[in-house]
Amino acid sequence: MTTIDYIMLVVSVLLLIIAFLAVSEKKLIKSVIFLSALSMLSVVAFVIMKAPDVALTEAVIGSGLVTALFVFTLLSIKKEEAK
Amino acid sequence: MKKLLAFALTIGLGVLIIFALDANTSFDDFGYADLSERVSSRYITKDSTADIIFGVTQDPESGAANIVTSIVVDYRSFDTLGEVTVLFISALGVSLLLGSAVTQKRLSLDFKPNFMLRVASRALFGIIIMTGVYIILHGHLTPGGGFPGGTMIASAMLLLYLADDQFRAKIKSFKILEGVAGSLYVVIGLVGLVLGTYFLQNFLPNGTVGDLLSSGIIPIVYILIGLKVGSEISGVIDNFLTEEVEQ
């Protein structure tokens, strides 16, 4: 096994663990942050798998926009509940 | 207990998938697939017997140096039109649900952005926009293209929205830009149909592989897709960060 294989192994195991945490987390905001971390790690996985196009899209959409939109949805839900 | 059950179920599904795909005769082992039977080899060789050399080859079948782009916006451009339509319909759904009120104001947040943050975000805004435009313009040469570039432009708008709690973009002009860009994509396809033989045909000369002005209609289509995606997602962000004015 070369170095890149070891990196891929570590990234894959981390992806599985973070995905499990994102599903099982009770607090929604923490779940969203885990989802963002999952996207960030999958960017690394995509680059290793030689798919830079997918990695670029995932970096912008997965860890940037979707996280921001989820956080703002949670904020407005909280505001509605406080009323 | 519930978590343990879910974990066991996931492991079981993973093992099932691995066993189903291992030694399956419908999937060849690495290196044993007959590529000459597959359409993917055509996308790479671009229907020429000679090698495609960056900066040298003149007028190949598809002029993009990035193979992914030559598939996405040349060989399979009709699928991309469908993809753009899917994004349009989801943006339409968001604006029907969240943006239908006549009078709207910014979502009031608990924190107040300070002066430093506002100035720094204005400075960063230009850099992010430039990166997005670069990625769109070089879509046929380097990884990236209309979708990531447009989303980058939209995330620059998101930065402005986050850093200034009074800021609202001129959302009406975004809607017009989006409609114009989307219809121009279809018009370019129809021009290909009239001048050539099929919808979305590349009717401009391809030029040298690797030049900025090459590969026919691909840069034009990518600029249109970038404008459309950028304005669409900016509209979605605006819908998320505004609320109805209570009467």
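Start with α5(B) and α6(B): the two helices run roughly antiparallel to each other (an angle over 145 degrees). Select residues 115-137 of chain B for α5 and 146-163 for α6; helices here are DSSP runs of H or I, at least four residues, numbered from the N terminus. They pack at about 170 degrees with axes 8 Å apart, where axes are lines fitted to C-alpha atoms over the stretch in contact and angles run from 0 to 180 degrees between N-to-C directions.

This is a predicted model, so local features need pLDDT of at least 70, side-chain atom pairs count only at pLDDT 80 or more, and totals for chains, interfaces and linings use all residues. Residues are numbered from 1 along each chain as its sequence is written, and chains are lettered from A and ligands numbered from 1 in the order in which they are written.

Now show the side chains. On α5(B), the contact includes L124(B), F125(B) and I128(B), and on α6(B) it includes M152(B), I153(B) and L159(B); contact means C-beta atoms, placed from the backbone, within 7 Å.

Finally, bring in chain A. Which helix gives the most to the side of chain A that touches chain B? Select α3, residues 52-82 of chain A: α3 supplies 13 residues. Overall, 14 residues of chain A are in contact with 15 residues of chain B.

Technical notes:
Angles under 35 degrees count as roughly parallel, over 145 as roughly antiparallel, 65 to 115 as roughly perpendicular and the rest as oblique. Two residues are in contact if their C-beta atoms, placed from the backbone, lie within 7 Å.
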